[in-house]
Amino acid sequence: MEITQKHHLVFCKILLTLFAILAYGVSNAQSTEISGTVIDNEGQLLPGVTITIKGDETKGTQTDFDGNYSIEVPNSKKILLFRFLGFGTKEVNITNQKIINVTLETDTQNLGEVVLIGYGTQSKKDLTGSVATIEAKDLQNNTKTSVDQMIQGKVAGVQVSQTSGQPGGGVSIRIRGNSSLNTSNEPLYVIDGMPISNNASIPSNGSNIPNNSAPNPLNSLNPNDIESIQVLKDASATAIYGSRGANGVIIIATKSGKEGVLKIDYSTSTGFQKIANTLDLLTGSQYVDHVGNILQQQGSTILAEFSDTSINTDWQDEIFENAIIQQHNISLSGGFQNNKIYSSLNYTNQEGILRGSGFKRYGGRLKWGYSKDKFSTDININTSYIADDITAHGEGGNFDSGVISTAVYLPATAPIYNPDGTYFQPDVIDLDNPFNIADGINIQGREFRTLINLKTSYEILQNLKASVAINTDIINTKKDSYRSRQTVVGSQAKGIASILTSKNTNYVIEALLNYNNTFGDHTVSALAGYTFQKFDTQEFSGNARGFIGDEVGTNDLSSGNQEFNKLFSFRSNNTLLSYLSRINYSYKNKILLTASIRADGSSRLADGNKYAAFPSFSLGYRISEENFIESIDFLSDLKIRLGWGQIGNVQVPNSAGITTFIAGNSAVFNNEPVVGLQPARIANPDLEWETTEQLNFGVDFGILNNRINGSIDVYNKKTKDLLFEKPVPLQTGFTSQWVNLSDSEITNNGIEVAINTINLIGKFGWETSFNITSNKSEISSLGGERIIINNPALATVANLEGEAPFSYYGYEHIGIWQINEDPTNSAQPDAVPGQPKWKDQNNDGIIDAEDRTVLGNPYPDFTWGLNNTFSYKNFDLSVFIEGVHGVDLFNAQLANTYSPFNESRNRFAEPILNRWTVNNPTNDWPSFVNPSSYGGDLTNTFTIRDASFVRLKNITLKYNFNLKENKFIRDLNIYVSGQNLAISTNYIGFDPDLSGTGNSKFDFNSYPTSRTILMGVNVGF
């Protein structure tokens, strides 16, 4: 039975009532009211100080505008905790007093914070690698449905690009640039200690349906359940993950129960979405005037069905809608008698701004921990169900185009309806009506995902602890798609149905030994362990067409024409066996040393190359602990770090280095057909690990009692023995073979700066965090290879020595041929006025493929993020701005304007309205007359555009209610939040940040981003 929103809300109300009754009962225990005033060490009143009860931190209050507080304390509790950002935490013993006034000492150092570093934790002050942290408070009140989207702009050295604006859409993350040519450059995700696969289970939409950007697998994780996110960036930090750490590691820790009475938290939000930016296309009259004039100069005329200037259909306005997003989260947490528990339920319903699209998530989490004496055990279960309603918006070409491309290509002079009320269908332009696609193609994606973490540890000797963990991640996905007779293609095929299923299972077993001890001034912690991980993938798909009618859809594929039925099934698996060790050493908290090594063995490689070892080493020196530094009053912390390490990558198809067989052609023996076997690939037994080596130098600093603090990192990252899918002659029976390119290397050099400041403390508070990153990615060597990837429909990209990977490779225009210019003795002797003037790069007097050059690359020169948080009385205001600069992007819609596949299609307004004419002899845009005679191709300086931007990403205003007299409600706040509110860019497109998936970047009418206004409530009992 399908879960409805009504059922969910009723269920939440019942749970909330039960939890409230429980909380109310607990709150009536015997207690004493304690009040007082909190000041700083200069006698200034401190508003907003948090006061909690030690051992029961679920109960608390805050000082008011005048620094006063009042709190009910159970008679069994004896200590109050006072916390305020910029000051040290203070514990105050309760005797018989009812008034306790407190003075807090300035201390923003907070170096005792514990961070996750992979298979363990470490004090922040002892870190020697490059690690960034995002805390739960930075993830709250956000419209994003997945965790990785929330990292955007928050961490230096991490570039997050959204591949699609669709609900639940994916993102592309690069940590310190691209390291590989053919394999994934996405980071490794570790959730509660388990390395997971973040690949989309079913990227295809089905037969004869344009594919969209793959959904985001991390959608299954509820952002409200996140306690913290750690980003491991340099090799000394990521090497402990061996072959999967080459692109960085993102460690996600979920919330756990804390000692004390049960705590109930409920949050809800509702928002409104609209498209953030539309394309500036030709209106109906502009289309008839200007495209008509272009066609007339070509000896043609505008099509009669598109010549009515009284029609001015805004197709974008028709297919994009205002949409609603709503979220509900409820959690119960607490701890008692050696037990800690955290449980939660969540529901998200995000309608899409594109007609017919939407995303729903139902999730639940249960986390239980038990600890007594030397023994502890933890169980963590997260399960989710995701329902995707998908509108086909990808690019398929002509009648297979998605609804967005069709709406963009169809002229504004095309009507929506025929006189009889049916949808208008163009005769010649080879496009469907956008409404036929939106309503006539039904795609439903459904996914169940369950992550289970089981961990037990025991202190077998003093300071020596053994632990065993068993983790599993199971993803069951199904996608049903049906293309009805309402579409042109569906009508010709009498309906097309596809069912695609996938089951992905990921098992991890870990056995670890941890040793921790302090000998006087020396502190040592050591780790040794073994891990085994197995991935298993099962896929099945069935396609059918030729149905009697459209009513059945995908419910009965056998009712289609059996002659066209197609079945496919597939199963594969791979395993990773690893041994790891690490040692951390500290001398007087001043000299810090970390060393690790991990040996990985992969089933994807042949014997002799299966195993590789990945070492790392890092050194830290806390200069601020030296006596000669203590005399410098303004310097509160100073540490320098130096780290080196090697990390591997073997993200190639399963068994790429091994010969295996699949079913081949049939032959007849003794009058019986016999199916033969054939090799599945050209195996490469010499295939080895791709290795990334990184050197990092960093400085952590704090000034003025750490009111100004931050870090600076400079790094050099080199990837060698690049894995590459090399084309082979077709006579081999195959198209490619996986190899290690000899003498190959990609280098990334960069600098990262992160600064946090506490500008004002007191009644009016103001904090700022800023980060900026500059990274240069370059192919140092390809062993003499020139890898040029030609794509006649999209951009040509090239991998060349001395250039960035996947650089755009095409023709550079240096102007437009004018009336008074004679091209006779030029490299374009047949050029006419209004045509592009191409640069003859090799000066051979001919414009041909040898004149192509690098026109740009999709990697920014620098990125930055700026967040300001203000507080006054009970109000909090945060403003977040992000910037990306010096990045280029191929604009496919601009390519359609430059050289349309069909000359009757609509185009961008700005280039057409400002094109070269006799009366407008510009050098910016050509005449667009007979573009097939221009020479060159679609990859040129007209279609490669600067995609730099500055975006007002988020503004959130929150009001915190003063509830110190309320014994029932512990915490209550309301907020309003705006997302994607404004952007400054010269890019002409939906969004300069939408660049598709993979290593090559193209803007091909992606699902646009939305501007969202969200209103929400958080309440705690």
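In which sense do strand E40 and E43 pair, and over how many bridges? To find out, select residues 807–810, which make up strand E40. Strand E40 pairs with E43 in the antiparallel sense, over three bridges. Within this pairing, select Gly 810 and look across to E43, where Thr 853 stands opposite.

The model on display is a predicted one. Its pLDDT averages 88 over the protein, and 93% of the residues score at least 70. Colour the chain by pLDDT and select residues 1–29: here the value stays under 50. For this stretch the model has 29 contacts beyond four places in sequence.

**First stop: the open sheet**

The four strands form an open sheet in the order E38-E39-E40-E43, with antiparallel pairing. Strand E38 (787–789) and strand E43 (853–856) are at the edges; each has a single partner strand, so one side of each lacks a neighbour in the sheet. From one strand to the next, the twist averages 45°. Strands of a sheet pair through backbone hydrogen bonds, in either a parallel or an antiparallel manner.

**Second stop: strand E1 and two partners**

Select residues 31–40, strand E1, together with residues 68–74, strand E4. These two strands run antiparallel and are joined by seven bridges. Thr 37 has Asn 68 as its bridge partner in E4.

Side chains of opposite charge can pair when their charged atoms come close. How many salt bridges does a search of the whole structure find? The search finds 29, and several of them are visited below.

Begin with Arg 641 and Asp 713, which form a salt bridge whose closest N and O atoms are 3.1 Å apart. Arg 641 belongs to strand E29 (residues 635–649) and Asp 713 to strand E33 (residues 708–720), so the pair ties together parts 72 residues apart in sequence. Show the surface around the two side chains: Arg 641 and Asp 713 are both buried.

Next, select Lys 837 and Glu 821. Their salt bridge has its closest N and O atoms 2.7 Å apart. Lys 837 lies in strand E42 (residues 836–838), while Glu 821 is in the loop between strand E41 (813–816) and E42; the two residues are 16 residues apart. Are these residues buried or partly exposed? Lys 837 counts as buried because its relative accessibility is 17%, under the 20% limit. Glu 821, at 29% relative accessibility, counts as partly exposed.

Move on to Glu 882 and Lys 953, another salt-bridged pair, with the closest N and O atoms 3.8 Å apart.

**Last stop: a network**

Finally, select Asp 192, Asp 225, Arg 365 and Lys 367. These residues are linked in a network of salt bridges.

Notes. Residues numbered from 1 in each chain as written. Predicted model: local features only at pLDDT ≥ 70, side-chain atom pairs only at ≥ 80, totals over all residues. Heavy atoms only, no water. Pairing = 2+ DSSP bridges. Axes fitted to C-alpha atoms, helices over the stretch in contact; angles between N-to-C directions. Salt bridge = Lys/Arg side-chain N within 4 Å of Asp/Glu carboxyl O. Buried < 20%, exposed > 50% of the residue type's maximum accessible area, 1.4 Å probe, protein only. pLDDT = per-residue confidence, 0-100. Contact = heavy atoms within 4.5 Å.
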